[in-house]
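Morning, everyone. One structure today, and I'll keep it short. Have a look at it first.

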Amino acid sequence: MPDAQVKSEDKAKDFFVDVPFETPGFFLKGSAHLDWGMKNRLARVFDPKDGRTVMLAFDHGYIMGPTSGIERMDLAIPPLIPHVDCLMCTRGALKTCIPPEVNKPVVLRSSAGATILKELSNEVIGVTLEDALRFNAAAVTCQCYVGGPFEKESLANLCHLVNEGNRYGVPTLGVTAVGRELVRDARYLGLAGRVIAELGAHFNKTYYCEPGFDEVVAGTPIPVVIAGGKKLPEAEALAMAYKAIDQGAVGVDMGRNIFLADSPPAMAAAIRAVVHDGLKPDKAFQMYNDLKGAKK
Ligand code: R5P
């Protein structure tokens with residue numbers, strides 16, 4: 001699309017950010033017309049009491065190998081599980097490092113085929129829906145590289161998961177995966193989130209941005225959660241989570257900003273308080289420091 005056309009359209013955009021998105025019949029945005037199995041699985045990922053979720057992302061190894069903080073998933077992850085609502089990981093992590101007695105829903109990383117050594121957007125779907133169900137997945141997920149070198153293939157991966165998931169009542173999380181050359185601004189994230197929703201994903205993981213995150217959420221007619229991204233100082237990560245929730249996100253799917261914190265369990269608990277209790281960033285940072293100190 002010519003840039004001039006994009007600009008002229010931008011002038012006409014109105015996201016009505018002050019008008020709530022009605023969710024008749026079910027507590028999650030855009031999910032009222034799903035069938036029982038889909039709703040039931042989504043109600044495991046998102047707490048029906050407040051419609052929010054703290055997802056713990058530790059799928060980084062599928063592209064990055066033994067990522068700092070989760071070199072030993074068997075040691076790093078179990079202490080965090082009581083503080084989160086949901087696990088987001090690969091089937092390899094589940095079957096090797098997570099006790100099956102853990103009764104938390106799993107969003108299963110189902111894309112594969114790329115590593116940091118090559119082009120990240122060049123993925124396929126590596127997990128069948130049958131295997132996802134064997135792992136008792138509450139949802140499946142893949143990266144969506146809108147604007148990336150393998151944009152079409154990654155969006156075809158999303159469509160494949162949605163089509164297969166629809167057969168079995170398994171929702172799909174579409175992850176906005178920003179290529180190295182792209183900017184994480186509201187215009188890009190809004191475009192990606194909207195494409196992901198229109199292709200049938202049931203929820204979207206994106207990044208927080210300033211300004212305009214509220215417009216990213218308003219233009220994406222499915223629930224939106226944020227990734228944490230690169231490690232930030234704990235106070236900044238808590239403030240980012242607070243601002244995202246305040247502007248319409250319904251949770252986080254956070255990895256490095258939890259498992260690379262000085263005290264990962266304290267950080268998971270503080271993030272939980274921000275997401276579910278609306279704790280302000282300064283109080284959440286105080287809580288983090290108190291919990292961190294208590295564990296010494
Ligand atoms: C990326 O490879 C994965 O989708 C991660 O799950 C995602 O980036 C969230 O992790 P973090 O909060 O560390 O960015």
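Helices α12 and α13 are roughly antiparallel (that is, over 145 degrees), and therefore I start with this pair. The helix α12 covers residues 264-277, and α13 covers residues 281-294. They pack at an angle of about 150°, with axes 9 Å apart. Axes here are lines fitted to C-alpha atoms over the stretch in contact, and angles run from 0 to 180 degrees between N-to-C directions. The crossing is right-handed, meaning the near helix is turned clockwise from the far one by less than a right angle.

Who makes the contact? From α12, Ala-266, Met-267, Ala-269, Ala-270, Ala-273 and Val-274. From α13, Ala-284, Met-287, Tyr-288, Leu-291 and Lys-292. Contact means C-beta atoms, placed from the backbone, within 7 Å. Asp, Glu, Lys and Arg count as charged; Ala, Val, Leu, Ile, Met, Phe, Trp, Tyr, Cys and Pro as nonpolar; the others, Gly among them, as polar.

A word on the source. This is a predicted model: local features need pLDDT of at least 70, side-chain atom pairs count only at pLDDT 80 or more, and totals for chains, interfaces and linings use all residues. Residues are numbered from 1 along each chain as its sequence is written.

Now the ligand. 14 residues surround the ligand, each with its C-beta atom, placed from the backbone, within 6 Å. The closest are Ala-57, Ala-227, Gly-228, Gly-255 and Arg-256. Elements giving two or more residues are β10 (251-254) and α11 (256-259). This shell has six nonpolar, five polar and three charged residues.

Last, the whole chain. It has 13 helices and ten strands, taken as DSSP runs numbered from the N terminus (helices H or I, at least four residues; strands E, at least two).

Notes: Angles under 35 degrees count as roughly parallel, over 145 as roughly antiparallel, 65 to 115 as roughly perpendicular and the rest as oblique. Two residues are in contact if their C-beta atoms, placed from the backbone, lie within 7 Å.
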